[in-house]
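Please walk me through this protein model, starting with its charged pairs and going on to its pockets, cavities and cores.

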Amino acid sequence: MRRGPRTVSEVMTHTVVAVGRDAPFKDIVGLMGQWKVSALPVLAGEGRVIGVVSEADLLPKEEFRVGDPDRFTQLRRLPDLAKAGALTAGELMSAPAVTVHADATLAEAARIMARRGVKRLPVVDAEGLLEGVVSRADLLKVFLRSDDDIAEEVRLDVLPSLFPPAPTGEAIGVRVEDGVVTLTGRVRDTSLVPVAARLVRAVEGVVDVEYDLTGRADG
């Protein structure tokens with residue numbers, strides 16, 4: 001059974017729709033609607049990702065379609081006004097593209113998305129060539145991991161290093177229900193309980209951790 005952090009390569013979409021820098025505005029809108037995506041990688045050459053055009057890049061054309069903005073808006077929204085007049089992907093795209101590598105962990109990809117405020121990340125190789133796309137929905141697939149799989153990882157990989165079995169052979173009880181891990185039993189060093197909870201929470205697929213661990217007097 002596979003345990004440990006999952007990587008982007010395991011959840012990403014390999015079949016990706018992308019556009020070249022000369023793709024016209026209307027074609028971009030059509031592709032987004034056809035493929036039901038909110039952003040498209042923009043490629044150059046043999047498939048190198050040079051930018052991303054998103055719905056947010058397209059909206060200024062509608063926002064500023066009627067009427068001229070006042071002077072204050074012009075000064076404050078210069079980038080958006082430029083995109084309102086853009087006709088091609090190269091003029092519309094945000095560059096450089098925010099990307100991720102296939103061997104990045106799901107947690108790393110999630111941090112990039114959160115920090116950069118994006119919903120999808122092009123997945124590129126060492127040369128910047130497009131390999132796929134990973135979305136927020138892809139990252140959430142980790143929470144579909146089975147309760148039994150989570151419980152086994154907690155029992156075998158997390159708890160033994162912190163709480164060796166008691167002389168009586170008694171082990172820490174591990175129960176997982178809907179991703180919520182419950183730990184029960186007696187431990188020699190209760191100061192390690194918060195550490196255990198933190199490590200268990202870091203196991204992929206864990207929704208929350210509850211515990212009822214009390215001290216024991218052996219040893």
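Which side chains meet in a salt bridge with 3.2 Å from N to O? They are those of Asp138 and Lys141. A salt bridge here is a side-chain nitrogen of Lys or Arg within 4 Å of a carboxyl oxygen of Asp or Glu. Before going further, note that this is a predicted model, in which local features need pLDDT of at least 70 and side-chain atom pairs count only at pLDDT 80 or more, while totals for chains, interfaces and linings use all residues. Residues are numbered from 1 along each chain as its sequence is written, and side-chain values use heavy atoms, with hydrogens and water left out.

Side chains of opposite charge can pair when their charged atoms come close. By the rule above, the model has six salt bridges. In the Asp138 pair, the two partners can be described by their relative accessible area, where buried means under 20%, exposed over 50% and partly exposed in between (1.4 Å probe, protein chains only). Asp138 is buried, at 6%, and Lys141 is partly exposed, at 35%.

Arg145 takes part in a network of salt bridges with Asp149 and Glu153. The closest N and O atoms of Arg145 and Asp149 are 3.0 Å apart, and for Arg145 and Glu153 the N to O distance is 2.5 Å. Arg145 is buried at 15% relative accessibility, and Glu153 is buried at 8%. Asp149 is buried as well.

The next topic is empty space. Rolling a probe the size of a water molecule over the atoms shows where empty space is left. The search uses a 1 Å grid over the protein atoms alone: a cavity is a set of points where a 1.4 Å probe fits but cannot get out, and a pocket is an open set with protein on both sides within 12 Å along at least five of seven lines; lining residues have an atom within 4 Å of a point. Grid points are joined across faces, edges and corners, and a volume is the space filled by probe spheres set on the points.

The largest pocket has a volume of about 430 Å³. It is lined by 18 residues, of which Val52, Ser54, Ser94, Gly117 and Val118 are the closest to its centre. Helices (H or I, at least four residues) and strands (E, at least two) are DSSP runs, numbered from the N terminus. Strand 3 (48–54) and helix 2 (55–63) each give at least two residues to the lining of the largest pocket, and helix 2 gives the largest share, three residues. For residue classes, Ala, Val, Leu, Ile, Met, Phe, Trp, Tyr, Cys and Pro count as nonpolar, Asp, Glu, Lys and Arg as charged, and the others, Gly among them, as polar. The lining of the largest pocket has eight nonpolar, four polar and six charged residues.

The second largest pocket holds about 210 Å³ of space. Among the residues lining this second pocket are Met113, Arg136, Phe143 and Glu204. Helix 6 (106–116) and helix 7 (136–139) each supply at least two of its lining residues, with the largest share, four residues, coming from helix 6. By class, this lining divides into eight nonpolar, one polar and two charged residues.

Ser135 lies in strand 6 (residues 130–135) and is buried, with a relative accessible area of 12%. Contact means heavy atoms within 4.5 Å. Leaving aside neighbours within four places in sequence, Ser135 is in contact with Met113, Lys119 and Arg120.

What is the volume of the largest cavity? The answer is about 40 Å³, and the model has two cavities of 30 Å³ or more. Val52 and Arg120 are among the residues that line the largest cavity. Strand 2 (39–44) and strand 5 (120–124) each supply at least two residues of that lining, which has seven nonpolar, no polar and one charged residues.

In soluble globular proteins, nonpolar side chains tend to be buried together. A nonpolar core is a set of buried Ala, Val, Leu, Ile, Met, Phe, Trp, Tyr and Cys residues joined through side-chain atoms within 4.5 Å. The largest such core has 21 residues, and those touching the most other members are Val154, Leu159, Phe163, Val174, Val181 and Leu183. The largest share of this core, six residues, comes from helix 8. Apart from it lies another core, of 17 residues, including Val17, Val37, Leu40 and Leu58.
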